Amino acid sequence: MPTPVTPGHPWMNRLLRLLLKLRNRHFLALDILIALLTPTLALWLRTDSLSLVVHGQSLIFVTAAFLCVKLAVFFPNGFYRRYWRYASIDELTLITAGVIQSTLLQTLIFFVILRPLGLIGPGFPRSLPLLDGLLTLALVGVTRYSTRIAERLDQVYHGRANATRTLIVGAGAAGLMIVREIQSNPLANLLPVGFVDDEPDKLGAVIRGVRVLGARTELRQLLKETRAGLVVIAMPTAPGKVIREIVAVCEQAQAPIKIIPGLYELLDGTVSVNQLRTVQIEDLLRRESVQIDGAAVQALLRGKRVLVTGGGGSIGSELCRQILRCNPAELVILGHGENSVFEIGNELQRTLAKTPRAAPRPLVRSVIADVRFPERLQAIFDEVRPQIVFHAAAHKHVPLMEANPSEAITNNVLGTRNVLAAAQAVGVERFVMISTDKAVNPTSIMGASKRVAELQVREAAAVSGRPYVAVRFGNVLGSRGSVVLTFKQQIAAGGPVTITDPEMTRFFMTIPEAVQLVLQASVLGNGGEVFMLDMGEPVRILDLARDLIELSGLQEGRDIDIVVTGMRPGEKLYEELFVPGETYQPTAHEKIMIAARASQRRSPRLSAAVDALVAAARANDANAIRVGLLHLVPEYTPTDNQDDAPPAVAPPLHPPPAEHSNGRRLSSPLLLSAPRRGEGAGG
């Protein structure tokens, strides 16, 4: 690191203050002075002091010509419009290019004008233009970067005085950007004291004045040695297991932790100090990053009219954000809740306001409508004539839908039929329905209703011949019905935190990750497929509750209790992503599969059966609704028909991988049938 300036060096402090006051008018004066001196200095270096007298007249003509050339080049290149205190490689490139241009012009004038006109005497060194250029590059560069160096020294001095000593875990691109931000942003009040990185080649290396001190296994010792008051985790692609290890060490050392968002949250690829936040449960459950074919998604959505139903919801609003980045011609946010639609609409308008004026701006429209009213939907589709539709509108809360089955049917089944009818009427090119893992061997009204919705999408694809598809995935972290939100509210209220069963497990994804895979699946669809997203490893709800309590700075049993309340209607103990006997076909993307049987099944009397189901819902006949669902979804097993007694032998948490009929081994640990007792708090 540069030697810090201390109060014991008053002359250096005065020099720093002088350099920090330099502005472009001062640099203009310095450049004129340099231009007047460099020819003389070059001649003296090339010959001797006596030659300065002998070639005095020639030197005057050369100096005048070179001064005019330099100013004529420097002004148009923006040498006097830059803020040199923040000079970077771009400014260095500017200086180099400008000096090269001026040197070439000087050489041309020297040999084409000055020598033929006899303004330069015999014996005058012909190498003088090149020497002058080298001296100019050095002196102009030093004067410009003196303010940058002074700025850096000033930051180091004041930073050492009162800044928080910061240890950065991860010496990759993200860590480098964090250090750069800290060094150029005094208001951050942070002082980087070292990197921690597992890559052997980086050990001992110095990056922007900050040394790589050791690997993650040495973190506990490095915290003591550096006396770090803050740890920043700068690894956006690190899986949750790695984050857990780092957090555990820091908590034992009582060191505060900040983290940059995961890769799925950093969609624009930028990292800054402003994005640092406390570690959240999403970070502990983070999986290794998945490569998305962004170019294919961009090509699909660019310049298209796109409509998103349920656009104000958790998944729908994130769909809108990511679709907007693909520059559609028009984005229609359709939703029933006016407040949520208003909020995402305003957010997207603010995003558009930040785009360059020269760039084409998509038209964003907010529409309030209920998918249960076909006439309203058809009028909207006739007006907008969308080319691509993402259908995210649905009731998803399992216990609520068990208590209100009519709402589940009219919204999830009838609503999907209405959206599909409107889409077919105006020739929508591509249709993607957001489904759920609860549609696999459903035990709840909600899961069964979403399976019926999948069947309708499959039927519409067969009739229209277009790529109408459904995408299944599990729970999303941060959604409004998520168990995580429930736990956070209970912790904030002082507890207790309630879970329905200690052995209950769930699959989790972050909202941005789920939406990116949904967009990827939309590119892969040919028509009628039910896509399954790879949800990774299941998470025990009890462990999730404990993690949230610890992240809140509390201790289970001492500060807050965990209480088991028992299963609720419609819940499963284990979610099933993969069904024994089902065939899972790979796609072009490793994290997306096709559930072949679910994709191929068609009911010859689907329309009549749905009519009967909707009629039962309108009559508020819960028994008739269950009978109708059993007719449409034979694998549906209502929980009130099950024996609620626990199994004699509980299934293992991680049974060995099973092999399906197509011979493919699946990586998910939940390949075997599990007792369908419940699904988890907040399901």
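These are my notebook entries on a predicted model, going from the overall make-up to single contacts.

**Entry 1: overall make-up**

I began with the element count and found 23 helices and 21 strands in the protein. Next I looked up burial: 52% of the 683 residues are buried. I also checked how far apart in sequence the contacting residues lie. Among contacts with a separation of 6 or more, 78% are between residues 24 or more positions apart.

I traced an open sheet of nine strands and wrote down its order as 9-8-7-10-11-12-17-21-20, with mixed pairing. Which strands stand at the edges? They are strand 9 (363-368) and strand 20 (584-586). Each has a single partner strand, so one side of each is left without a neighbour in the sheet. From one strand to the next, I noted an average twist of 25°.

I then zoomed in on one pair. Strand 7 (residues 305-309) and strand 8 (residues 330-335) run parallel and are joined by five bridges.

**Entry 2: the nonpolar cores**

A reminder to myself: in soluble globular proteins, nonpolar side chains tend to be buried together. Here the largest nonpolar core has 41 residues. Leu301, Leu319, Ile323, Phe390, Phe473 and Val518 have the most contacts inside this core. Which helix gives the most to the core? Helix 19 (residues 511-524) does, with seven residues.

Leaving out residues up to four places away in sequence, valine 518 touches Leu319, Phe390, Val432, Ile434, Val471, Phe473 and Leu533. Apart from this core lies another one of 27 residues, and Val367, Val426, Val428 and Val457 are among them.

**Entry 3: helix 12**

I checked helix 12 (residues 314-324) for burial and found that 10 of its 11 residues are buried, so helix 12 is largely enclosed by the rest of the structure. The buried set has Leu319 and Ile323 in it, and also includes Ser317, Glu318 and Gln322.

**Entry 4: helix 16 against helix 22**

I looked up how helix 16 (residues 405-425) and helix 22 (residues 606-618) pack: the angle is about 145° and the axes are 9 Å apart. The crossing is left-handed. On the helix 16 side I listed Ser406, Ile409, Thr410, Val413, Leu414 and Arg417, which meet Ser607, Val610, Asp611, Leu613, Val614, Ala617 and Arg618 in helix 22. Sorted by class, this contact has seven nonpolar, three polar and three charged residues.

Last, I went to strand 4 (residues 210-214), which pairs with strand 2 (residues 190-196) in the parallel sense over two bridges. Phenylalanine 195 has valine 212 in strand 4 as its bridge partner.

Technical notes
Residues numbered from 1 in each chain as written. Predicted model: local features only at pLDDT ≥ 70, side-chain atom pairs only at ≥ 80, totals over all residues. Heavy atoms only, no water. Axes fitted to C-alpha atoms, helices over the stretch in contact; angles between N-to-C directions. Helix = DSSP H or I, 4+ residues; strand = E, 2+ residues; numbered from the N terminus. Left-handed = near helix turned anticlockwise from the far one by under 90°. Contact = heavy atoms within 4.5 Å. Nonpolar A, V, L, I, M, F, W, Y, C, P; charged D, E, K, R; others polar. Core = buried A, V, L, I, M, F, W, Y, C linked by side-chain atoms within 4.5 Å. Buried < 20%, exposed > 50% of the residue type's maximum accessible area, 1.4 Å probe, protein only. Pairing = 2+ DSSP bridges.
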